[in-house]
Each structure stands twice: as structure tokens, then as C-alpha cells.
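Today I'm looking up domains and charged side chains.

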Amino acid sequence: MVKPKYNTWIRRKRIIIFFAISLIILLIAGLLAMKSIYFWLLGLLSLPFIYITTVLIITYYQFSSGGGGYQDKIHTTVASLLQHDHRQVLDVGTGSGALAIKIAQNNSHITVTGIDSWSKNWEYSKQQCEYNAELMGVSKQTKFQKASASKLPFTNNSFDAVVSVLTFHEVTSVQDKASLINETLRVLSPHGEFVFLDLFRDESIFGDFSTLISKLNASEIQAVPLEDCLKLPSILKSKHSLYYAVIIKGFK
Ligand SMILES: C[S@@+](CC[C@H](N)C(=O)[O-])C[C@H]1O[C@@H](n2cnc3c(N)ncnc32)[C@H](O)[C@@H]1O
């Protein structure tokens, strides 16, 4: 059976780079005699690279569908938090379309629009989203469009629900994260529902959490740490992974 191609949030390019650096350092060390100080220095230098490569590989495994499947479990959690019977849903930073497709599969009356900048930095594409949607039988219910989360090409109140997973922290062009999130809330209709998952507790990216929440243009907001919704393996609870992850949900 052909499966959809949902890449993980760990870019394979990154694993290859760290693996290659570790290997090169170890190879050079291997060419030197054990008595040489450079052998030991290079050995020491390789340790952080080997450590990062190992962490990246284990994290990749936990997120992937062939491994722990946590990326899918997280999308299922977010999709299950959407309470109402919506018609028009927007997924901001849709990646390979996994969440958009899941929401469409949950309700045949829903149309889901997925937007993404699909920059070269990532291993996702619009074609991949469309291929996955076709494969999962929801191509008529989904639309994928290249756009930036910082300036959405939709008029105010266009959607009755908006979702986003781990995208806002990636939009480095906008420092004011409240205004970035409010751009997504702008296209949500009054009383429309939103569910966002991101590293909202990371103050270096989002600033003070309470200040962030107070600046959002929503009438009702609830914050739930991801850990309260889904038990995560310890590697995904680390500060380099989902330690700061919080779901904020509510109504405009
Ligand atoms: C960690 S991935 C998450 C992808 C997807 N939400 C998921 O859960 O699989 C971050 C996504 O943010 C997208 N992204 C980064 N900057 C963006 C921007 N300015 N506008 C829209 N999407 C952006 C990336 O292309 C990538 O797909």
C-alpha cells in the first residue's frame, strides 16, 4: 500500500551534516597516531557532534511514522481539540499537509486550506501536500497555497476555524509574535475557533507568556501544555525539542 509522504520536523539534511562532520573529525583523528595530542583533541572535538547526531536520529525516529509516530499523534491531538462542526478551516504552515488532511478526513463537509512558504530550508512542498491529499482521498476538500504567515492572502473573517502547528516560531522575519498570531486571527470569523501548538513558553522567541496571551485578539483563550494532552518520550521533552510546547486554543 502506498503511504503518504509526511516528512518529520527534523530535517534529514541536518542529520547528514552533523553525521558528516563527526565522521570527518574521526577520520582525521584516525589518521594521526594515538600518541599525538591532536588525536585526543580531535576525539574530544567530535564528541558534541556525535551527541547532536545521536539526539537528532532518536528524535527523528520518535517523530516518524515508522518509529514512535509522535508527529501523527500530535496532529491527532490538535485535530481532536477542534470542537465545532466547521466548514472552512485554515492550517498555517501546513508543511506536508498532514494536519490539514487529517482534519479533512474527520469531516467530509470541511474544506481545509493549507498555506506555507515552502522555502528551500524545509523538505516540504505544495506538490507533496497535493499528492498526500490525493492519496488520502481528500483532494476535493483541500487546497494548498504558497503564502507567508506574516501576511495572509485572505480577507478578514474568511475562515471559521484556524489551526497551526510549530510554525509561528519559524517565522523569523516577524519578531513581534503577538502581531504574527493576530494576523492568523484576523482571517478567523468572529466567534471562530483556533487551536495553535507552538513553543509558546520559550521566552527567547515569544517573550513573556502572559503578555503574549493578553495581546491576542481573542475573546476566550485556554493554554494547555502539550504534556497534559499527550504523554511524550523523554527525548521529546528536552529543551531542544518540545519542552516549551503549549497548545493555545479558544474563540475569537
Ligand atoms: C516545524 S514545520 C511544521 C509543519 C506542519 N505545521 C506540521 O505540523 O507538520 C514548520 C513549518 O513552518 C513553515 N514556515 C516557516 N516560515 C513560514 C512563513 N513565513 N509562512 C508560512 N509558513 C512558514 C515551514 O515551511 C514549515 O512547513
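**Layout.** I'm working with a predicted model. The chain splits into domain 1 (12–63) and domain 2 (70–251). I looked up how far apart their centres are, and over C-alpha atoms I got 35 Å. The two still touch: seven residues of domain 1 are in contact with eleven residues of domain 2.

**UniProt note.** An unreviewed UniProt entry lists residues 90–196 as "domain: Methyltransferase type". In the model, that span is 27% helix and 28% strand, and its end C-alpha atoms lie 11 Å apart.

**Arg 11.** This one sits in the segment before helix 1 (12–31).

**Salt bridges.** I found six in the structure. Glu 123 and Arg 12 form one of them, at 3.7 Å from N to O. That pair joins distant parts of the chain, 111 residues apart: Glu 123 is in the loop between strand 2 (111–116) and helix 5 (126–135), and Arg 12 is in helix 1.

Another is Glu 183 with Arg 186, at 2.9 Å. These two are three residues apart in helix 6 (residues 177–186), so about one helical turn separates them. Glu 183 counts as buried at 13% relative accessibility, while Arg 186 is partly exposed at 24%.

Technical notes:
Residues numbered from 1 in each chain as written. Predicted model: local features only at pLDDT ≥ 70, side-chain atom pairs only at ≥ 80, totals over all residues. Heavy atoms only, no water. Helix = DSSP H or I, 4+ residues; strand = E, 2+ residues; numbered from the N terminus. UniProt positions renumbered as here; feature names shortened; annotations may be inferred. Domains from an automatic or database assignment. Contact = heavy atoms within 4.5 Å. Salt bridge = Lys/Arg side-chain N within 4 Å of Asp/Glu carboxyl O. Buried < 20%, exposed > 50% of the residue type's maximum accessible area, 1.4 Å probe, protein only.
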